Amino acid sequence: EPIWSFTDFDPAGLAMANAMPQDRLEEILLPSPGWLTVAANTARGRELFDAQEAQYSATLDASSVPAVRRAWALMKRLRSGVTQERMRHFRELQRGEPTNASRCRNRSPYL
């Protein structure tokens with residue numbers, strides 16, 4: 001059966017998706033590239049990428065999974081990431097509405 005992955009949009013998250021059975025991983029659930037481009041433009045997103053790139057880049061560069069290769073190409077271009085928690089509020093953030101994520105931003109370094 002096909003598998004769809006939902007992980008953080010960061011090198012560690014993509015490495016987790018890449019570790020799934022490659023003949024079954026069909027897709028990585030992510031918002032649109034345009035949304036990710038805006039959402040990843042944060043200090044926290046750049047910290048996630050910078051802290052994880054060296055550990056996971058060789059594995060991700062060598063991936064033969066199309067979904068991983070597409071996401072990794074975008075992430076390398078952005079040089080930043082987005083947490084699952086932030087992606088969970090995709091619709092609110094897209095419309096510019098306040099969300100629990102934005103209200104909790106000062107309490108959590110992960111948003």
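Predicted model: local features only at pLDDT ≥ 70, side-chain atom pairs only at ≥ 80, totals over all residues.

Guide: Gladly! Helices here are DSSP runs of at least four residues, numbered from the N terminus. Val 82 sits in the loop between α4 (66-78) and α5 (84-87).

Visitor: Why is Val 82 called buried?

Guide: Buried means under 20% relative accessible area. Val 82 has 1% relative accessibility, so the residue counts as buried.

Visitor: What is Val 82 in contact with, leaving aside its neighbours within four places in sequence?

Guide: Contact means heavy atoms within 4.5 Å. By that cut-off, Val 82 is in contact with Asp 8, Phe 9, Trp 35, Leu 36, Ala 39, Ala 40 and Met 87.

Visitor: Which residues touch the most other members of the largest nonpolar core?

Guide: That core has 22 residues, and those touching the most other members are Phe 9, Leu 14, Ile 28, Leu 36, Val 68 and Val 82. Helix α4 gives the largest share of the core, 7 residues. In soluble globular proteins, nonpolar side chains tend to be buried together.

Visitor: How do you know that Arg 86 has no salt bridge?

Guide: A salt bridge needs a side-chain nitrogen of Lys or Arg within 4 Å of a carboxyl oxygen of Asp or Glu. For Arg 86, which is buried, the nearest side chain of opposite charge is Glu 85, 9.7 Å away.

Visitor: What lies 3.4 Å from a polar atom of the Arg 86 side chain?

Guide: The backbone oxygen of Ala 39 does. Arg 86 itself belongs to helix α5.

Notes. Residues numbered from 1 in each chain as written. Heavy atoms only, no water. Helix = DSSP H or I, 4+ residues; strand = E, 2+ residues; numbered from the N terminus. Buried < 20%, exposed > 50% of the residue type's maximum accessible area, 1.4 Å probe, protein only. Lys, Arg positive; Asp, Glu negative; His and termini not counted. Polar contact = N/O pair within 3.5 Å; in protein donor to acceptor, adjacent residues only side chain to side chain. Core = buried A, V, L, I, M, F, W, Y, C linked by side-chain atoms within 4.5 Å.
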